[in-house]
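Colleague: I am new to this structure. Please take a close look at one part of the backbone, then go on from there.

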Amino acid sequence: MDSDNSAPPLGDMSAADFRRHGHAIIDWIGEYLENTERYPVLAPVRPNEFRQQLPESAPAQSESMSAIIADVDRLIAPALTHWNHPAFFAYFSISASAPGIFGELLASAFNVNQMLWRTAPAATELEEVTLNWLRQLLGLPAEFAGIIYDTASVSTMHAIAAARENLNLQIRELGMSGRDDLPLLRVYASEQAHSSIEKALLALGLGTRALCKIPTDAEFRMDANALARAIEADKQNGALPFCVVATVGTTSTTSIDPVKEIADVCEAHKLWLHVDAAYGGSAAIVPEMRHVLAGCERADSIVTNPHKWLFAPIDLSVLYCRRMDVLRRAFSLVPEYLRTNDDSEEVRNGMDYGIQLGRRFRSLKLWMVLRYFGHEGLASRIREHCRLARLFAAWVEAAPDWELTAPIPFSLVCFRACPKNVLNENEEQRAARLDALNEAIMHGINATGEAFLSHTKLNGAFVLRLAVGNIRTTEKHVSHAWQLLNEQLSHLT
Ligand code: PLP
């Protein structure tokens, strides 16, 4: 045991040791962020391989901080998939930017629990101020107030809960079971919508049968006429439509549902309109891309995730809601031990707006990111990601053995290999061979550790996805991915 480094018999680490180890950890992080590329982007580990290197039980005695940091370096970092790697192109790539990391560090140092205004005045008000800044950057009207949750899944669950509360069916008091006065409650989203909507219905006791999946057009956007027809049919059958979820930036292709037309349908039927802009919303801060949120000013609620494409470290999701009173009505429940004398009209108590009591000080990292980069700096980075995606798409389009499989409204490219020599068979066999080929290309690339791509299925076909979204990604990384793809293709055909 390194006595110089280990814990004192009581109390926390000394301030002197904190500074010393703190500097060492910041140095480690600086080195890591500068050289993330020295790790394979996708962790080359088998299940349980990592845990086998750890002791079965916790240490009885204090261990030195330097030994702990050494294990982070030796054991943990090599067994992680590196979302900070600039060649992370899978799912939606995200970024822990430096100011965001500092925000996390300070938030954990303050360790405030933002459950009530009184327990964290500055944190509560910073959240409101920062979300008001972000609202303006996104071009949303002032009637929207924002609240931070951990993820879009949780934001959407709260939005649908508010939509249900808005029906005034006394579900808060009576619940939904054992009642014969309730019709089938229905929620509508496109067949391309994220699975988090269905999960919200599970959590809210509505069940997956509450979801009506609306077909999409050739560009994977919700068909608003089909939506109107589905609502009318449900009404005729005695069901109670209450909420529509439109998506700006769907997960598979980043398609944008026609929010204006959907808002017309919602208005006609008096339905709550929730917009899932978890990924795509951030693009609206780029002045020439503001149109991606067109129609969203008519929504009742919108979720966007600064942890996806606004360079805030995970987790940070923002729900903007026009009817905070309804959200509050759905969730506010104040036991005696949490009662305060603060004027409830004047202050916001975070615990009133969701199922959780304790809340982390998440706005600090967003505030630091917005201040450090500024509106123009953030817009330039998002604009550059879109440029890189278009550049990559142009290479795909120009190559005879590759094809694009969806439009590119943001910075995600859906594409696949379709070599001409896989033509001379019947359609079914050809489709199966192309699927197998593209899957093999993806696994081949991911095994190199030099880039990480994911996939989806579009119209039944296996399709590759290259998502540009990491703050450290440059043209060099996109170009290298293209080179790897072509190497894999020639190796496999
Ligand atoms: N909505 C969309 C459109 C998404 O793409 C995702 C995740 O990628 C989610 C919701 C869920 O996000 P979260 O992980 O924040 O719950």
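Modeller: Asn 48 lies in the loop between helix H1 (15-34) and helix H2 (65-76); helices (H or I, at least four residues) and strands (E, at least two) are DSSP runs, numbered from the N terminus. This is a predicted model, in which local features need pLDDT of at least 70 and side-chain atom pairs pLDDT 80 or more, while totals for chains, interfaces and linings use all residues. Residues are numbered from 1 along each chain as its sequence is written, and side-chain values use heavy atoms, without hydrogens or water.

Asn 48 has a positive phi of about 75 degrees, although it is not a glycine. Most residues other than glycine have a negative phi, and most peptide bonds are trans. With a relative accessible area of 44%, Asn 48 is partly exposed (buried means under 20%, exposed over 50%, partly exposed in between, with a 1.4 Å probe and protein chains only).

Tyr 91 also has a positive phi, near 45 degrees. Its place is the loop between H2 and helix H3 (98-110), and Tyr 91 is partly exposed at 44% relative accessible area.

The peptide bond from Ile 314 to Asp 315 is cis, with omega near 10 degrees. Asp 315 belongs to the loop between H10 and strand E7 (317-321).

Helix H10 (306-309) leads on to the ligand: this helix and helix H5 (152-165) each supply at least two residues of the shell around the ligand. Of the 13 residues around the ligand, Ala 152, Ser 153, Thr 251, Asp 276 and Asn 305 come nearest (a residue counts as near if one of its heavy atoms lies within 4 Å). By class, the shell has three nonpolar, eight polar and two charged residues; Ala, Val, Leu, Ile, Met, Phe, Trp, Tyr, Cys and Pro count as nonpolar, Asp, Glu, Lys and Arg as charged, and the others, Gly among them, as polar.

A backbone N or O atom of Ala 152 is 2.7 Å from an oxygen atom of the ligand. For Ser 153, a side-chain N or O atom lies 2.5 Å from a ligand oxygen, and for Thr 251 a polar side-chain atom lies 2.9 Å from one. The protein covers 86% of the 400 Å² of accessible area that the ligand has on its own (Shrake-Rupley method, 1.4 Å probe).

Elsewhere, Ala 417 is found in strand E9 (residues 412-417) and is buried, with a relative accessible area of 0%. Ala 417 and Leu 485 are 68 residues apart in sequence and 9.0 Å apart in space, C-alpha to C-alpha.

Terms used
Polar contact = N/O pair within 3.5 Å; in protein donor to acceptor, adjacent residues only side chain to side chain.
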